[in-house]
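Please look over the model below before reading the points. They are written for someone who has not seen it before.

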Amino acid sequence: MIWIWLLVMAAFAAAEAATVGLVCIWFSVGALGAFFTALAGGSVTVQLVVFAAVSAAALAVTRPLVRRFGRNRRVPTNLDRVIGRTGQVTEDIDTASGAVYVDGKTWTARSAGGEAIPAGTQVEILSMEGVKLFVKKLEKDTEVVS
């Protein structure tokens, strides 16, 4: 069983190295615990229990740390720079179509609140989904920055 646990540990470590996503490293740690149990002369049942318990403990201890430090960080793109900017509606915005000119480009746009916005209106870009901007109508006294 000593060699089997070494192979199991190596297999999980190799799988972890191939995925780079902290998917099965805990089982490699559990196999290490079972390996030491086999060295100490524990029965196969005890080895399996140690494998399961150490794997679960490793998961319970490290998973919160992985979640805190391994969060997917959003990488801003050059397109994100239009968010928060002011643009001008070039094609009436309704629930199905519309266009806004901002930062030297014309974008498809939708109203964030669902209201119709006529062409010529100044709008603020709130968010982006794909190549579609979600906008809201600016108040009349708001300064235009484009």
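The points below cover the strands, the salt bridges and the nonpolar cores.

1. Basis. This is a predicted model, in which local features need pLDDT of at least 70 and side-chain atom pairs count only at pLDDT 80 or more, while totals for chains, interfaces and linings use all residues. Residues are numbered from 1 along each chain as its sequence is written, and side-chain values use heavy atoms, with hydrogens and water left out.

2. Strand pairing. Helices (H or I, at least four residues) and strands (E, at least two) are DSSP runs numbered from the N terminus, and two strands pair if DSSP finds at least two bridges between them. E2 (residues 99–102) pairs with E3 (residues 105–111) through four bridges in the antiparallel sense. Within this pairing, Trp107 of E3 is the residue opposite Val100. E3 also runs parallel to E5 (residues 132–137), again with four bridges; there Ser111 has Val135 of E5 as its bridge partner.

3. The hairpin. Two residues lie between strands E2 and E3, and Asp103 in this hairpin has a positive phi near 55 degrees.

4. A salt bridge here is a side-chain nitrogen of Lys or Arg within 4 Å of a carboxyl oxygen of Asp or Glu; the count is two. One of them joins Arg85 and Asp103, at 3.4 Å from N to O. Arg85 is in the loop between helix H3 (44–69) and strand E1 (86–91), and Asp103 is in the loop between E2 and E3, 18 residues apart. With buried meaning under 20% relative accessible area, exposed over 50% and partly exposed in between (1.4 Å probe, protein chains only), Arg85 is partly exposed at 22%, and Asp103 is partly exposed at 25%.

5. Salt bridge between strands. Glu124 and Lys136 form a salt bridge with their closest N and O atoms 3.9 Å apart. Glu124 belongs to E4 (residues 122–129) and Lys136 to E5, so the bridge ties together parts twelve residues apart in sequence. Glu124 is partly exposed at 24%, as is Lys136 at 37%.

6. Cores. A nonpolar core is a set of buried Ala, Val, Leu, Ile, Met, Phe, Trp, Tyr and Cys residues joined through side-chain atoms within 4.5 Å. The largest has 13 residues, and those touching the most other members are Val82, Ile93, Val100, Val102, Leu133 and Val135. E2, E3, E4 and E5 each give two or more residues to this core, with E4 giving the largest share, three. Another core, of seven residues, lies apart from it and includes Trp5, Ala34, Phe35 and Phe51.
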